[in-house]
Amino acid sequence: MACETKTWLVMVLLFLAANYLQDCVHGVSQVPCLFIFGDSLSDSGNNNELPTSAKSNYRPYGIDFPLGPTGRFTNGRTEIDIITQLLGFEKFIPPFANTSGSDILKGVNYASGGAGIRVETSSHLGATISFGLQLANHRVIVSQIASRLGSSDLALQYLEKCLYYVNIGSNDYMNNYFLPQLYPASRIYSLEQYAQALIEELSLNLLALHDLGARKYVLARLGRIGCTPSVMHSHGTNGSCVEEQNAATSDYNNKLKALVDQFNDRFSANSKFILIPNESNAIDIAHGFLVSDAACCPSGCNPDQKPCNNRSHYLFWDEVHPTEAWNLVNAISVYNSTIGPAFNYPMDIKQLVESEIKRELEFTNESPSQPSATE
């Protein structure tokens with residue numbers, strides 16, 4: 001009975017989410033631009049031409065995406081794709097690897113499959129674009145925006161109005177620390193020390209982003225990687241989560257929350273950092289999907305492999321990445337927590353955007369009016 005109730009709840013949320021998206025006003029975005037940093041959960045094509053095995057620009061990936069396979073690691077839209085729509089953008093944010101014909105003033109997606117906070121993460125898969133390298137790519141775009149607007153000062157004023165989405169760190173565990181045969185991290189750090197090292201490096205990158213104009217940050221917690229089919233299968237748990245890996249990301253998430261508090265105190269005058277959930281069991285809804293311990297496209301999701309037909313019943317698309325159905329439920333709840341339960345902290349994305357609009361209006365109203373020509 002409990003399982004039936006949870007499944008019914010997921011179906012209701014999917015219905016509400018679809019209708020909510022239809023009601024969004026496209027053409028007038030709530031922020032002028034959106035910049036995306038992260039890994040395969042957000043990649044939209046940056047890995048397509050890289051010498052790496054971390055690619056998804058082939059079917060059945062993109063089977064439910066209007067343009068087909070684009071380099072997204074899911075069957076349809078990613079979570080940030082859906083958030084982009086909720087924010088009112090007419091088009092998805094283009095990948096840095098292919099901004100030709102796109103308006104970079106609307107934003108750029110730098111996310112790369114396999115990317116981590118640490119530069120060596122996922123290197124056994126081939127080339128990756130770590131968070132630090134994504135920042136280097138952002139500096140290139142910032143320079144182009146400055147040229148287009150006429151000066152660095154004007155570019156900074158413009159970039160301060162944008163939204164910055166950062167969803168990275170899972171690979172630093174899955175494709176680094178928990179692969180001791182390939183990486184030395186687990187012999188150098190305890191799990192607690194490693195989480196702290198990651199947070200310290202992330203902090204430096206976020207500060208560098210702040211120097212480039214970032215003021216509104218959306219930071220994603222790490223998911224329960226021990227509950228992914230890939231990890232459960234590799235440990236032979238017969239569908240049970242690997243709690244050691246979940247505990248590792250939980251420790252990281254606690255430190256990330258403390259960092260958000262620290263930055264909100266430090267930059268309270270002109271910046272805001274929020275934390276959103278990125279874990280399947282965070283809102284106790286994952287079990288509402290009929291299948292939450294197996295992939296819709298299993299065994300590597302190879303080219304032209306036939307996936308499951310009932311994709312909205314599955315939490316996971318492949319062994320690691322969620323389906324569009326889960327992305328839809330999660331995106332709605334992190335954008336507007338009144339639609340579905342979520343653990344946004346200290347507010348959701350909609351509140352973050354609206355608070356900035358309110359602040360700007362108050363600033364405008366408090367500014368002394370300019371004398372007219374007749375005075």
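In this predicted model, four strands make up an open sheet with parallel pairing, ordered S1-S2-S3-S4. Strand S1 (34–38) and strand S4 (272–276) are the edge strands; each has a single partner strand, so one side of each lacks a neighbour in the sheet. On average, and with direction ignored, neighbouring strands of this sheet are turned by 20 degrees against each other.

**Sheet details**
- Strand S2 (residues 163–167) and strand S3 (residues 216–220) run parallel and are joined by four bridges.
- Tyr-164 lies opposite Tyr-217 of S3.
- Helix H9 (residues 243–266) packs on the sheet and touches S3 and S4. The direction of H9 makes about 160 degrees with that of S4.

**Helix pair H3 and H7**
- The axes of helix H3 (residues 131–149) and helix H7 (residues 191–211) are 10 Å apart, and the packing angle is about 5 degrees.
- Angles under 35 degrees count as roughly parallel, and H3 and H7 are therefore roughly parallel to each other.
- H3 contributes Phe-131, Gly-132, Leu-135, His-138 and Arg-139 to the contact, while H7 contributes Leu-202, Asn-205, Leu-206, Ala-208 and Leu-209.
- By class, the residues of this contact are six nonpolar, three polar and one charged.

**Whole protein**
- The protein contains 11 helices and six strands.
- It has 375 residues, of which 54% count as buried.
- Its accessible surface is about 16,300 Å², with 53% belonging to carbon and sulfur atoms.
- Of the contacts between residues at least 6 apart in sequence, 71% join residues at least 24 apart.

Technical notes:
Residues numbered from 1 in each chain as written. Predicted model: local features only at pLDDT ≥ 70, side-chain atom pairs only at ≥ 80, totals over all residues. Heavy atoms only, no water. Axes fitted to C-alpha atoms, helices over the stretch in contact; angles between N-to-C directions. Helix = DSSP H or I, 4+ residues; strand = E, 2+ residues; numbered from the N terminus. Parallel < 35°, antiparallel > 145°, perpendicular 65-115°, else oblique. Contact = heavy atoms within 4.5 Å. Nonpolar A, V, L, I, M, F, W, Y, C, P; charged D, E, K, R; others polar. Buried < 20%, exposed > 50% of the residue type's maximum accessible area, 1.4 Å probe, protein only. Areas by Shrake-Rupley, 256 points an atom, 1.4 Å probe, with all protein chains shown as cover. Pairing = 2+ DSSP bridges.
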